[in-house]
Amino acid sequence: MDTNELPAEAIVDPKTFADPAQLHALLARLRAGAALPLVEAEDHDPVYIAARHTDLVAVEKDAAHFINAPRQAFFSHSHAKASLEATGGVNVADFMRNLTAMDGEEHKAYREIAQGYFTPAGVAHLRAEIEALAAEFIDKMAPLGGECDFAKVAMAYPLRVIMSMLGIPEEDEPLMLRLTQQTLTSEDSEFAAEGGSAMGAMMEMYQYFMTLIADLRANPRDNLASLIANARIDGELLPERDVFGYFLITATAGHDTTSYAITGGLLALLQNPEQMALLRADPSLLPTAVEEILRWTTPVKHFCRTATEPREIGGTRIDKGELVLLSYPSANRDAAVFDDADVFRIDRRPNRQVAFGTGPHVCLGQYLARLELTAIFRELLDRVEDIELAGEPRFVESTFVGGVKHLPIRYRMK
């Protein structure tokens with residue numbers, strides 16, 4: 001395999017992401033090659049790959065010259081064609097825009113709408129509720145006979161957290177789970193929309209949320225969903241497509257990513273029993289363990305940026321209009337930044353992980369995710385012991401968002 005083949009295999013093929021050993025071996029070779037190589041894969045636009053931590057951070061922090069619009073994710077031309085077919089030729093931008101598609105002052109204004117809910121102080125108000133939910137979902141493991149697919153627990157718990165914040169009834173959570181998985185991980189046949197596409201699932205979600213938004217505007221409530229639905233900028237209600245986009249990004253990014261960090265984190269602890277023992281012996285290490293879990297799992301695999309004018313990153317010239325793909329799993333294993341980068345170490349300090357990104361587009365929900373991870377792992381380690389794998393873990397086939405999708409475990413409750 002020559003260098004030109006490497007990025008296409010590492011970034012374009014969803015199956016590569018279902019094999020972490022293969023993925024990280026390929027990304028290591030990518031980091032060792034030329035900075036920001038230009039990749040021209042079949043059925044894809046040309047794209048530069050920011051695989052090194054320093055280069056990725058430089059692009060993210062230069063938000064004035066590397067913007068999110070007009071595309072945030074790197075999918076094939078075939079994927080784009082299928083999306084148009086699913087909507088009857090309607091472009092997604094005609095009915096949905098979210099924070100990841102905005103830049104500059106507009107992005108700042110929209111981000112500030114919900115920012116108060118997601119600051120450290122904002123999520124602190126949710127601590128008791130989230131800890132109670134973590135206990136509830138660990139309770140559900142007790143009657144399962146000492147074996148379960150832990151991925152089901154890991155997916156249901158943060159889903160409940162974010163859906164309760166949006167005021168969505170518990171009976172609709174299975175629907176929301178199906179639609180968000182079909183939207184974010186449609187490259188995986190297990191989650192693909194039956195008889196449709198990711199865009200078809202998004203359209204179904206559009207109908208659901210537009211009904212909710214209309215109700216919230218007619219009958220405002222004291223919750224996050226109502227705040228978003230009734231938000232105004234310059235005295236005007238947000239356009240419907242932007243409100244839907246806000247709901248969509250909150251619903252999808254608010255649970256799938258955290259779920260994959262939970263399943264991947266437990267798998268890492270099971271595969272590194274000395275780290276599990278260390279954490280059990282010293283629970284004060286939980287905050288650094290959470291940061292290492294985030295580095296190790298990196299649920300968001302990439303975002304794209306478009307250059308607004310010629311720029312130089314890592315000695316590579318990027319011309320106006322050219323694409324840069326930010327490879328977060330690669331940056332989080334960069335040996336130039338992380339000692340023993342391929343070793344899972346719960347006491348790692350410092351830990352400059354970029355699982356949430358950085359710069360003005362850093363993940364709005366990062367503090368909520370940390371709180372959820374801390375609560376579920378504290379509850380798990382306090383109440384469950386003798387945990388071991390009871391089968392082969394399976395990973396999502398997705399170049400965008402993914403992680404462990406099945407984690408069969410055997411355990412004994414204390």
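Tutor: A residue counts as buried under 20% relative accessible area, as exposed over 50%, and as partly exposed in between. Keep in mind that this is a predicted model.

Student: By that rule, is Cys 363 buried, exposed or partly exposed?

Tutor: Cys 363 has a relative accessible area of 30%, so this residue is partly exposed. Cys 304 has a relative accessible area of 0% and is therefore buried.

Student: How many disulfides are there?

Tutor: A disulfide needs two cysteine sulfur atoms within 2.5 Å. The count here is zero.

Student: Now the charged side chains. How many salt bridges does the structure hold?

Tutor: The test is a side-chain nitrogen of Lys or Arg within 4 Å of a carboxyl oxygen of Asp or Glu. The structure holds 28 such salt bridges. One of them joins Asp 62 and Arg 311, with 3.1 Å from N to O.

Student: Where in the chain do Asp 62 and Arg 311 lie?

Tutor: They belong to distant parts of the chain, 249 residues apart. Asp 62 is in the loop between helix 3 (53-61) and strand 3 (66-67), while Arg 311 is in strand 8 (residues 311-313). Asp 62 counts as buried because its relative accessible area is 15%. Arg 311, at 28%, is partly exposed.

Student: Which residue forms a salt bridge with Arg 241?

Tutor: The partner is Asp 242, and the closest N and O atoms are 3.7 Å apart. Arg 241 is partly exposed at 32% relative accessible area, whereas Asp 242 is buried at 2%. A salt bridge can also be read as part of a set. Arg 241 and Asp 242 belong to a network of salt bridges that also includes Arg 97 and Glu 106.

Student: What about Asp 342 and Arg 333: how far apart are N and O in their salt bridge?

Tutor: The N to O distance is 3.3 Å. Asp 342 has 52% relative accessibility, so Asp 342 counts as exposed. Arg 333 has 7% and counts as buried.

Student: How is empty space found in a model like this one?

Tutor: Rolling a probe the size of a water molecule over the atoms shows where empty space is left. One case here is the second largest pocket, with a volume of about 350 Å³. It is lined by 22 residues, and Arg 333 is among the closest to its centre, together with Pro 20, His 24, Trp 296 and Phe 395.

Student: Which elements give two or more residues to the lining of the second largest pocket?

Tutor: They are helix 2 (20-32), helix 13 (256-271) and helix 15 (286-297). Helix 13 gives the most, with five residues. By class, the lining of this pocket comprises 12 nonpolar, seven polar and three charged residues.

Student: How many cavities of 30 Å³ or more does the structure hold?

Tutor: A cavity differs from a pocket in that the probe fits but cannot get out. The structure holds two cavities of 30 Å³ or more. The largest cavity has a volume of about 30 Å³. Its lining is made up of Ile 11, Phe 17, Leu 27, Lys 301, His 302, Ser 327, Pro 329 and Thr 399. Four of these lining residues are nonpolar, three polar and one charged.

Student: And which residues line the second largest cavity?

Tutor: Leu 126, Glu 129, Ile 130, Leu 133, Val 161, Ser 164 and Met 165 do. The volume of the second largest cavity is about 30 Å³. Helix 7 (127-139) and helix 8 (150-166) each supply at least two residues of its lining. By class, that lining has five nonpolar residues, one polar and one charged.

Conventions:
Residues are numbered from 1 along each chain as its sequence is written. This is a predicted model: local features need pLDDT of at least 70, side-chain atom pairs count only at pLDDT 80 or more; totals for chains, interfaces and linings use all residues. Side-chain values use heavy atoms; hydrogens and water are left out. On a 1 Å grid over the protein atoms alone, a cavity is a set of points where a 1.4 Å probe fits but cannot get out, and a pocket is an open set with protein on both sides within 12 Å along at least five of seven lines; lining residues have an atom within 4 Å of a point. Grid points are joined across faces, edges and corners, and a volume is the space filled by probe spheres set on the points. Helices (H or I, at least four residues) and strands (E, at least two) are DSSP runs, numbered from the N terminus. Ala, Val, Leu, Ile, Met, Phe, Trp, Tyr, Cys and Pro count as nonpolar, Asp, Glu, Lys and Arg as charged, and the others, Gly among them, as polar. Buried means under 20% relative accessible area, exposed over 50%, partly exposed in between (1.4 Å probe, protein chains only).
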